[in-house]
Amino acid sequence: MKEWSTLETKSQSEALINEFKGNLLEYLLAIELAQEYNCEAEFIFQLDESYRNQLLLYENELRSFDPILIKKLPEIARRARIELVELLGKKFKHVTLLGKAGQLEWKKYYREADLLLDDGKKQVPLSLKLCQYGALVNTKSGGVRTFIEHYFNCDDITEKQNQLNLFLDQSFQQMAGTLYELAGLEYQSGFDDRWKDAGFSDLPGQLPVEFREILYQHYHRVIQKMYSFLSDIYREDPESFSDSLFELVGMGHRDLVQLMCFHQKEGEDRYNIAAIEINTLNSWKDAIEQLKFEELKENVSYFNLSLGDKELQIRVKPMNVFTVPGLKINCSVKNVGQKRNQA
């Protein structure tokens with residue numbers, strides 16, 4: 001794990017903080033639920049020593065970086081437990097944290113789930129998110145070179161994916177050649193050692209403004225092509241396309257319960273609980289039935305699908321560095337009709 005002082009970008013720091021707070025909140029909510037269902041002893045017993053030590057590390061790191069948040073997480077977990085218990089309205093016998101040692105196969109089966117509730121007959125997988133109020137919530141991420149073929153279906157889906165990949169390579173070469181020309185370097189193919197030797201970064205945020213604009217044009221070309229292909233797939237088979245969206249909104253397992261906790265600043269409280277949103281298969285069905293493609297904007301790296309009072313954003317992003325021809329697709333959702341849930 002990198003020390004704070006060695007983190008190169010703000011996004012790297014935020015990713016590490018998200019890992020800390022996400023793991024700690026999962027544990028705190030699991031404890032709350034285990035106490036609610038009188039199975040705390042069993043839950044504690046199933047946690048191995050390496051996981052306990054990892055939690056202590058996360059707690060210490062987050063306390064040093066954001067002592068206010070570390071104090072607020074237990075309150076958020078309690079509120080989340082209250083909302084969840086009210087929705088589910090039943091007793092469970094077991095609470096399990098997924099994705100830890102010994103639970104990787106369960107995690108694979110239950111997809112996006114972080115916790116699993118078991119009443120002895122049925123399991124309820126639960127995913128948990130903690131986000132700034134009004135922000136997009138990340139739900140799915142994948143490489144652009146397999147994205148269409150992996151998540152969608154039509155007669156010529158492989159051909160569409162191949163065409164997108166060819167376009168991606170052509171756009172990348174166009175972007176790289178233009179950047180080399182701006183840098184006063186002779187262009188051959190892609191980025192080589194001369195790029196860094198000349199003092200240029202491979203991180204988008206560290207590029208000069210005029211260089212960054214060329215990179216963003218590359219992103220826009222690719223998302224424009226993606227938009228065109230997905231629009232075609234939708235027109236060919238709206239029902240199949242709509243069914244594919246459940247994966248993209250984070251409902252890879254159809255029994256999943258999504259629990260999204262939103263915070264915002266209020267006075268001195270930077271982590272005031274603004275809203276707790278719970279989504280299920282039925283609520284997403286209602287939303288996806290209202291699917292509309294929003295118009296693609298100029299000079300952006302994303303487009304939105306309107307889903308009633310929800311929104312799905314599909315965005316292209318670099319694979320950490322922009323000097324490789326691959327890109328990733330990030331999917332995120334937002335409740336555009338979200339109203340504040342008073343404490």
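A search of the whole structure, which is a predicted model, finds 24 aromatic pairs. Here, rings of Phe, Tyr and Trp (its six-membered ring) pair if their centres lie within 6.5 Å, and the planes are stacked when under 30 degrees apart, edge-to-face when over 60 and tilted for the rest. Phe-147 and Tyr-151 are both buried, a label for under 20% relative accessible area, with exposed meaning over 50% and partly exposed the range in between (1.4 Å probe, protein chains only).

Phe-147 also pairs with Phe-152: the ring centres are 6.3 Å apart and the planes meet at 55°, so this pair too is tilted. Phe-147 counts as buried because its relative accessibility is 1%, and Phe-152 is likewise buried, at 4%. Together with Tyr-151, Tyr-227, Tyr-234, Phe-241, Phe-293 and Phe-303, the residues Phe-147 and Phe-152 form one aromatic cluster.

Aromatic rings also meet charged side chains. Lys-225 lies over the face of Phe-167, at 4.8 Å from the ring centre, and Lys-310 lies over the face of Trp-284, at 5.1 Å from the ring centre. For this assignment, NZ of Lys or CZ of Arg must be within 6 Å of the ring centre and within 35 degrees of the ring normal.

Lys-292, in strand E7 (residues 291-293), is exposed, with a relative accessible area of 59%. Beyond residues up to four places away in sequence, Lys-292 touches Asn-304, Leu-305 and Ser-306, where contact means heavy atoms within 4.5 Å. Asn-330, in strand E10 (residues 327-335), is buried at 12%. The side chains of Asn-330 and Ser-141 are joined by a polar contact of 2.9 Å, that is, a pair of N or O atoms within 3.5 Å; within protein, one must be able to donate a hydrogen and the other to accept it, and residues adjacent in sequence count only if both atoms are side-chain atoms.

Residues are numbered from 1 along each chain as its sequence is written. In this predicted model, local features need pLDDT of at least 70 and side-chain atom pairs count only at pLDDT 80 or more, while totals for chains, interfaces and linings use all residues, and side-chain values use heavy atoms, with hydrogens and water left out.

Technical notes. Helix = DSSP H or I, 4+ residues; strand = E, 2+ residues; numbered from the N terminus.
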